[in-house]
Amino acid sequence: MTRLVVLSAGLGVPSSTTLLADRLAAAVVRRLGGEAEGRVEVERVELRRLAHPLADRLTTGFAGEELAAALEAVHGADALVAVTPVYAASYSGLFKTFVDVLDRDALEGTPVVVAATGGTPRHSMVLDHALRPLFAHLRAVVAPTGVFAATDDFGDAGLDDRVERAAGELVALLSGTATTRTRPTEDERLADPTPFEELLRRAGAGPTG
Amino acid sequence: MQLGIFSVGDVTTDPTTGRTPTEHERIRAQVAIALKAEEIGLDVVALGQHHNPPFVASAPTTTLAWIGAQTRRILLSTATTLITTTDPVRIAEDYATLQHLTGGRVDLMMGRGNTGPVYPWFGKDIREGINLAVENYALLHRLWREDVVDWQGRFRTPLQGFTATPRPLDGVAPFVWHGSIRSPEIAEQAAYYGDGFFHNHIFWPPEHAAQMVRLYRERFEHYGHGRADQAYVGLGGQFFMRKDSQAAVREFRPYFDNAPVYGHGPSLEDFTSQTPLTVGSPQQVLERTLGFREHVGDYQRQLFLVDHAGLPLKTVLEQLDLLGEILPDLRAGFAEGRPAHVPDAPTHAALVAARADQEVPA
């Protein structure tokens with residue numbers, strides 16, 4: 001069972017960003033053999049619903065219930081589709097805020113497709129100049145094809161091709177990784193503490209980098 | 001069960017009047033609040049340590065000694081002592097002196113401090129925070145227990161044939177709590193030494209405190225200090241009360257909305273449902289506080305933050321009067337159903353007695 005999380009930072013209702021996210025999700029699910037067959041489980045994270053909880057998280061330092069569930073979903077994802085609208089030549093502030101409050105290692109080794117929407121194709125480099133370095137920082141494995149959809153692209157067959165190519169790359173990356181994640185959750189870390197003698201040894205051993 | 005208050009000594013503008021107390025007023029207010037705490041019958045007053053504005057609490061033993069001189073009974077503690085950036089030799093000397101002056105009415109709560117620039121101002125590095133807490137406390141622990149110490153570590157100059165003076169009162173080190181919100185290493189450290197663990201869960205959901213306390217209890221038992229439910233647990237708490245709960249909400253809301261830590265964030269209603277903050281009638285504060293046991297089990301120390309967010313001194317003293325009124329019910333409530341094998345937090349007298357027991361030949 002592959003856990004696919006689809007992250008969308010679209011704000012409109014309906015949203016072209018969420019529409020692109022849905023197309024990518026559908027293409028990935030089809031290649032993995034379908035949801036009904038129990039091969040893949042899709043969880044959608046719509047950041048619009050989390051705008052207030054994210055602001056609260058910034059001011060209080062802890063995530064409310066709904067946001068904590070979304071962060072946990074991303075942490076547990078086998079693969080991620082991440083889609084943002086382009087604002088001011090980059091990913092949106094809401095999208096970045098969600099990434100800001102992710103655990104540092106939440107996406108380590110996770111295959112990711114990056115995608116973005118914008119009013120004009122002249123923003124398409126945002127994929128490679130903003131999204132790709134951001135996910136590289138998180139040590140995610142980003143699929144070679146990113147998908148950018150300007151308004152015009154929703155009437156162009158080329159978009160489907162790119163969606164299919166990106167979905168195929170994501171599935172190929174998945175086959176190269178273990179399907180069960182080994183990153184410990186917060187609960188697991190607390191259940192398996194570092195013994196104090198080891199902490200003493202580390203304190204005396206010098207900087208760990 | 002010990003009940004008390006803690007203060008971080010922040011100078012904050014009163015959002016309802018725009019007035020900011022002077023440092024002088026704030027330091028005197030901390031003393032007035034501590035004297036009031038003794039008057040209403042609280043067990044503990046704990047003062048923070050900070051070395052940056054807007055805080056005035058840079059010299060806690062000076063303030064605690066002044067309070068100690070004017071009180072007879074209340075236990076003086078810290079919230080917290082910066083074990084990372086304060087030389088453990090000075091901590092050993094300062095607090096042993098305070099023990100002698102106050103007849104042993106002293107314990108400490110260790111904390112790391114989360115303000116980055118404070119570390120380099122004291123020649124340290126915040127990325128070494130855990131290592132500093134581990135090494136510095138290991139030294140402090142020895143300085144209070146061994147008359148002559150030879151020592152070498154990474155964070156201070158070596159010691160050869162060093163004796164920390166004065167020796168602790170009656171040869172018994174002050175009891176130590178280790179405070180941490182989310183570092184399992186600190187819960188592990190507290191468990192290893194058989195010290196107390198304090199979770200200041202006032203800004204966090206109680207489930208989180210429950211996880212950290214569970215870890216500490218399990219490891220306390222692992223290290224052979226007693227059963228898990230005999231470990232020494234302390235919690236933070238926060239309230240604002242008036243006889244009429246609607247009046248409490250009305251009066252506290254502007255302070256909440258502008259508070260330095262959580263202001264301009266979630267609503268008062270959301271925050272009170274997500275964290276232990278209680279704004280309402282004395283009865284509501286009583287019930288909520290007694291409910292903390294559901295998350296952490298029977299515990300030893302409950303400290304409340306009462307002087308913050310720019311609340312004027314007069315209001316803080318009124319809050320303590322109201323706390324004094326529910327204090328008998330709080331004590332009765334905490335005693336109810338508490339198993340006999342669950343210990344109280346160790347006081348100086350108890351530690352002296354325990355040592356005498358150990359010295360009696362079997």
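Me: Where do A:R132 and A:D128 lie, and how many residues apart are they?
Reply: Both are in helix α5 (residues 126-137) of chain A, 4 residues apart, about one turn of the helix. Helices here are DSSP runs of H or I with at least four residues, strands are runs of E with at least two, and both are numbered from the N terminus. This is a predicted model, in which local features need pLDDT of at least 70, side-chain atom pairs count only at pLDDT 80 or more, and totals for chains, interfaces and linings use all residues. Residues are numbered from 1 along each chain as its sequence is written, chains are lettered from A and ligands numbered from 1 in the order written, and side-chain values use heavy atoms, with hydrogens and water left out.

Me: What makes the pair A:R132 and A:D128 a salt bridge?
Reply: The rule asks for a side-chain nitrogen of Lys or Arg within 4 Å of a carboxyl oxygen of Asp or Glu. The N to O distance between these side chains is 2.8 Å, so the pair counts.

Me: Why is A:D128 called partly exposed?
Reply: Buried means under 20% relative accessible area, exposed over 50%, and partly exposed in between (1.4 Å probe, protein chains only). A:D128 has 38%, so the middle class applies.

Me: Which class does B:T86 fall in, buried or exposed?
Reply: B:T86 is at 18% relative accessibility, so B:T86 counts as buried. Its place is in the loop between β4 (81-82) and α3 (88-102) of chain B.

Me: What makes the link between B:T86 and B:Q49 a polar contact?
Reply: A polar contact is a pair of N or O atoms within 3.5 Å; within protein, one must be able to donate a hydrogen and the other to accept it, and residues adjacent in sequence count only if both atoms are side-chain atoms. The side chains of B:T86 and B:Q49 are joined at 3.0 Å. The side chain of B:T86 also reaches the backbone oxygen of B:L82 at 2.7 Å.

Me: How do you know that B:K314 and B:E318 form a salt bridge?
Reply: Their closest N and O atoms are 2.9 Å apart, so the distance meets the rule already given. They are 4 residues apart in helix α12 of chain B, about one helical turn. B:K314 is exposed, with a relative accessible area of 60%, whereas B:E318 is partly exposed, with 24%. Salt bridges that share partners join B:R242, B:E251, B:K314 and B:E318 into one network.
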